[in-house]
Amino acid sequence: MATLYTQVDSNKRKTALFMTFFLVLIISLGYFFSWYFNDYLILVIAVLYSVGASLFSYWNSDKVVLAMSKAQPLDQVRDRKIYQTVENLCITAGLPMPRIMIMEEPAINAFATGRDPEHAALVLTRGAIDKLSDVEIEGVVAHELAHIGNRDILLSTIVVVMVGVITLISDFFFRFWFFGRGRRSQGGQAGLIMLLISLALAILAPLAATLIQLAISRKREFLADASGALLTRYPEGLASALKKIENDQSPEIKRVSRATEHLYIANPYKRKRGVMAKLFATHPPIEERISALLNMPAGK
């Protein structure tokens with residue numbers, strides 16, 4: 001069974017593969033868009049931008065996420081017990097102490113971000129601190145430390161930046177296409193094929209990036225649940241916290257977006273979802289996660 005430490009190399013490989021996928025996709029978009037707009041400077045810009053965005057997302061993705069979330073540093077006087085909980089679990093897990101941040105939101109939730117354990121941040125909502133018991137908070141913190149130990153956080157935060165970049169570029173193409181600034185004089189079958197390829201890339205690129213985001217997010221939640229339970233030796237604590245999150249009637253978190261929702265321990269959107277929305281959900285159903293936790297072998 002995968003543990004807190006066995007997924008590190010796997011996630012490093014996935015990060016490299018996803019960044020390579022991002023570079024290839026952006027360059028492909030740049031090539032076809034440069035043809036469509038009859039300006040090959042677009043291709044040069046696409047290459048430079050993709051390299052720059054990759055490097056930026058590696059070094060600064062955590063700063064972007066924290067800024068988007070409006071998270072503030074923990075007050076160690078006001079929330080001393082939280083600090084001690086995180087400190088004790090870090091010692092147990094053999095991890096460096098992350099920055100502890102607070103979102104002043106009444107909903108119960110949490111996430112971790114950063115490129116590695118030495119540059120990690122753990123974010124808790126005020127609702128999680130006020131509404132969860134000690135063992136439930138411990139379960140949630142252990143879950144997020146599992147993400148840090150597994151190097152999930154690098155992969156997840158890079159996804160935030162890259163999916164956003166791909167979506168923006170596709171949106172840029174459609175805006176110029178509808179305003180009629182594309183190459184319309186190119187006739188014949190070759191021109192039609194290139195136009196169709198350009199449109200297909202503009203439509204499918206964000207979808208492909210999103211599907212990768214979903215696949216990564218769903219799998220890592222089950223692993224972090226199991227790893228966190230192994231860390232605390234009390235899976236019932238996290239199971240109880242997930243149940244409270246499911247039943248929480250607080251308003252939705254204001255500072256969440258489609259780009260960051262997969263980072264949270266549970267889906268931050270509270271509204272009812274249809275069949276298609278569930279298909280593209282960033283998290284597995286909470287009932288399945290609770291069942292897996294409560295059915296873990298004794299002593300594991």
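## Overall architecture

How many helices and strands make up the secondary structure of the protein? The count is ten helices and four strands. The model is a predicted one. From the N terminus, the order of elements is α-α-β-α-β-β-β-α-α-α-α-α-α-α.

The protein has 300 residues, and buried residues account for 52% of them. Its accessible surface is about 14300 Å². Carbon and sulfur atoms contribute 62% of that surface. Among contacts between residues at least 6 apart in sequence, 73% join residues at least 24 apart.

## Salt bridges: Asp62 and Arg99

Nine salt bridges turn up across the whole structure. One of them pairs Asp62 with Arg99, with 2.9 Å between the closest N and O atoms. Asp62 sits in helix 2 (residues 41-69) and Arg99 in strand 2 (residues 99-103), so this pair ties together parts 37 residues apart in sequence.

Are the two partners buried or exposed? Asp62 is buried, at 4% relative accessibility. Arg99 is partly exposed, at 37%.

## Salt bridges: Glu104 and Arg126

Glu104 and Arg126 also meet through their side chains, in a salt bridge of 3.1 Å from N to O. Glu104 belongs to the loop between strand 2 and strand 3 (110-113), while Arg126 belongs to helix 4 (residues 126-131), so the bridge ties together parts 22 residues apart in sequence.

Arg126 is buried, with a relative accessible area of 9%.

Which residues of helix 10 (residues 286-294) are buried? They are Ile286, Arg289, Ile290 and Leu293. These residues lie on the same side of helix 10, because they cover an arc of only 100° around the axis.

Arg289, one of these buried residues, forms a salt bridge with Glu221. The closest N and O atoms are 3.4 Å apart. Arg289 lies in helix 10 and Glu221 in helix 7 (residues 188-232), so the pair ties together parts 68 residues apart in sequence. Both Arg289 and Glu221 are buried.

Arg220, Glu221, Asp225 and Arg289 are linked in a network of salt bridges.

Notes: Residues are numbered from 1 along each chain as its sequence is written. This is a predicted model: local features need pLDDT of at least 70, side-chain atom pairs count only at pLDDT 80 or more; totals for chains, interfaces and linings use all residues. Side-chain values use heavy atoms; hydrogens and water are left out. Buried means under 20% relative accessible area, exposed over 50%, partly exposed in between (1.4 Å probe, protein chains only). Helices (H or I, at least four residues) and strands (E, at least two) are DSSP runs, numbered from the N terminus. The arc is that of the directions from the helix axis to the C-beta atoms. A salt bridge is a side-chain nitrogen of Lys or Arg within 4 Å of a carboxyl oxygen of Asp or Glu. Contact means heavy atoms within 4.5 Å. Accessible areas come from the Shrake-Rupley method with a 1.4 Å probe; for residues, only the protein chains shown count as cover.
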